[in-house]
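Q: I'd like to learn how to read a ligand site and its pockets. Can we go through one together?

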Amino acid sequence: MAAGLGTRMKSNLAKVLHQLDGRPLVNHVVETAMKLSPREVCVVVGHQADDVKGAVLNEFDAAKVTFAIQEKQLGTGDAVNAARSQFENSDSTLIVLSGDVPMITSDTLFALVKAHSDAACTVLSVKLKDPTGYGRVVRDENSSFASIVEQKDASDEEKQIDEINSGIYCFDSKKLYAALAQVKNDNAQGEYYLTDVPRILREQGDKVAIVLCDNRREVEGVNDRRQLAAMEKVIRKRTIERLMLDSGVTFIDPKSVYVSSRAQIGRDTVIYPNVTIEGNSVIGENCVIRAGTRIKESKVGKRVEIRDNCLIRDSEIGDECTVGPMAHLRGNAVMADTSKVGNFVELKKTNLGKNSKANHLTYLGDATIGENSNIGAGTITCNFDGVNKHETHIGDNVKIGSDTMLVAPITVGDGAATGAGSVVTKDVEPGEMVFGVPAKAKASKVD
Ligand code: UD1
Ligand code: CA
């Protein structure tokens with residue numbers, strides 16, 4: 001179920017699109033559902049349906065997930081009803097998950113399915129110190145399932161119950177849809193509650209079971225931003241502890257670092273304060289990542305030093321490189337092994353060859369630079385003519401003088417050089433040296 005707006009988020013964005021650990025809430029749930037290898041995963045969408053669908057398809061194969069549209073958000077019962085045509089005649093077990101309960105694990109779901117066996121419905125519950133806001137599980141004198149009462153409909157006595165409905169259930173598909181037809185909206189919220197279904201099933205003599213989950217974290221819902229932030233904190237702590245204990249990564253100040261649970265970091269790498277590592281980034285062994293750096297969807301080799309305050313996204317850094325301080329790599333920038341990028345240098349869609357250096361105040365965009373070349377301070381590849389982007393190719397063993405403008409498209413051959421302040425508008429032959437504005441060859445070949 002992922003069709004609701006999420007009023008309590010006070011947001012213009014559908015709740016299930018809010019990010020947890022760098023991914024929309026709904027995708028955490030879809031991922032867990034997929035782990036069960038079910039016959040079908042169906043996402044009920046409604047509020048911002050296209051965006052929710054887009055977010056799901058951004059991460060999951062369209063062949064593996066279907067969507068049901070809930071036109072109006074009339075409650076969780078109505079949400080499940082939106083998928084009626086898919087499931088009402090199927091002899092299957094249907095697991096209902098909530099898009100806003102993202103930390104549920106497949107282990108717990110397997111246990112739920114196992115316990116379900118011949119029941120018409122099995123409710124996953126949990127005991128909470130503070131059950132406020134959740135539906136309460138009411139048990140009968142035999143301690144069997146009696147009903148679920150929503151917070152807003154609960155009597156003072158029912159509000160004392162500390163066992164809550166997780167919003168996760170296993171159903172006999174046919175029985176679910178038959179009972180759903182009897183659900184009314186005569187409650188405090190005027191909604192069709194899915195939580196009425198187990199009560200109806202029980203009243204008509206069907207078996208309704210309860211599985212009490214012992215991990216409250218797994219079934220916590222995200223209803224407001226405070227809960228979202230609390231959950232983010234739990235995941236972050238878990239990730240960093242795992243990296244310290246299992247991977248051997250040093251964090252100087254673990255509390256100030258943000259690492260995606262999908263990132264990998266190698267042994268003996270040291271992470272300084274205020275570092276953010278996002279997405280599926282992979283960082284090798286024995287690296288040093290200094291304070292204030294953000295690395296997103298990038299790959300970093302071994303023994304790399306990334307100095308203070310760098311931004312590295314969608315890029316790749318080889319072994320034994322040095323980057324920064326204050327460098328910016330983006331758009332598939334690639335630094336080969338032992339290359340260096342210094343302060344105030346930006347690389348966009350650029351390959352910097354082995355052992356080459358761009359140490360100061362430089363923009364290299366849509367460029368390739370060979371091996372052992374030096375790019376002087378203040379060099380700029382003028383790659384944009386106002387309409388199109390053009391490429392710059394620089395060979396091996398090239399010396400680009402300080403403040404050179406390379407007006408693309410342009411090629412500078414192996415062993416060539418440019419003088420300080422040159423504006424290079426024509427290709428430079430291998431071994432040639434050019435000066436001036438516009439740059440021209442002067443002396444014969446450099447040696
Ligand atoms: C629900 C349960 C409550 C339980 C809690 C656990 C009901 C009536 N109540 O309450 O017993 O303790 O979850 O977290 O089911 N949704 C739709 N369409 C709708 C309404 C909701 O798709 O018309 C989706 C939402 O996007 C969300 C999920 O269903 O992902 C749960 O809805 P929400 O409104 O958050 O239910 P709760 O009030 O938390
Ligand atoms: Ca909820």
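Q: By class, how many nonpolar, polar and charged residues does the shell around ligand 1 have?

A: Some ground rules come before the count. This is a predicted model, where local features need pLDDT of at least 70 and side-chain atom pairs count only at pLDDT 80 or more, while totals for chains, interfaces and linings use all residues. Residues are numbered from 1 along each chain as its sequence is written, chains are lettered from A and ligands numbered from 1 in the order in which they are written, and side-chain values use heavy atoms, with hydrogens and water left out. Now the classes: Ala, Val, Leu, Ile, Met, Phe, Trp, Tyr, Cys and Pro count as nonpolar, Asp, Glu, Lys and Arg as charged, and the others, Gly among them, as polar. The shell has eight nonpolar, 13 polar and four charged residues.

Q: Which residues come nearest to ligand 1?

A: A residue is near a molecule if one of its heavy atoms lies within 4 Å of it. Of the 25 residues around ligand 1, the nearest are Gln-70, Gly-75, Thr-76, Glu-150 and Asn-165. As for elements, helices (H or I, at least four residues) and strands (E, at least two) are DSSP runs, numbered from the N terminus. Both α3 (76-81) and β9 (163-172) supply at least two residues of the shell, and β9 gives the most, with three.

Q: Which pocket does ligand 1 take up?

A: Rolling a probe the size of a water molecule over the atoms shows where empty space is left. On a 1 Å grid over the protein atoms alone, with a 1.4 Å probe, a pocket is an open set of points with protein on both sides within 12 Å along at least five of seven lines, and lining residues have an atom within 4 Å of a point. Ligand 1 takes up the space of the largest pocket; to sit there, more than half of a molecule's atoms must lie within 2 Å of the grid points. This pocket holds about 1,500 Å³, a volume being the space filled by probe spheres set on the points. Its lining has 50 residues, with Arg-8, Lys-15, Asp-100, Gly-133 and Asn-223 nearest the centre. By class, that lining splits into 16 nonpolar, 21 polar and 13 charged residues.

Q: How much space lies in the second largest pocket?

A: About 710 Å³. Its lining of 31 residues includes Glu-40, Val-41, Cys-42, Leu-94 and Ile-95, the closest to its centre. The lining divides into 22 nonpolar, seven polar and two charged residues.

Q: Where is Asn-332, and what is its phi?

A: Most residues other than glycine have a negative phi, and most peptide bonds are trans. Asn-332 has a positive phi of about 60°, and lies in the loop between β24 (328-330) and β25 (334-335). A cis peptide bond joins Ala-408 and Pro-409, with omega about 0°.
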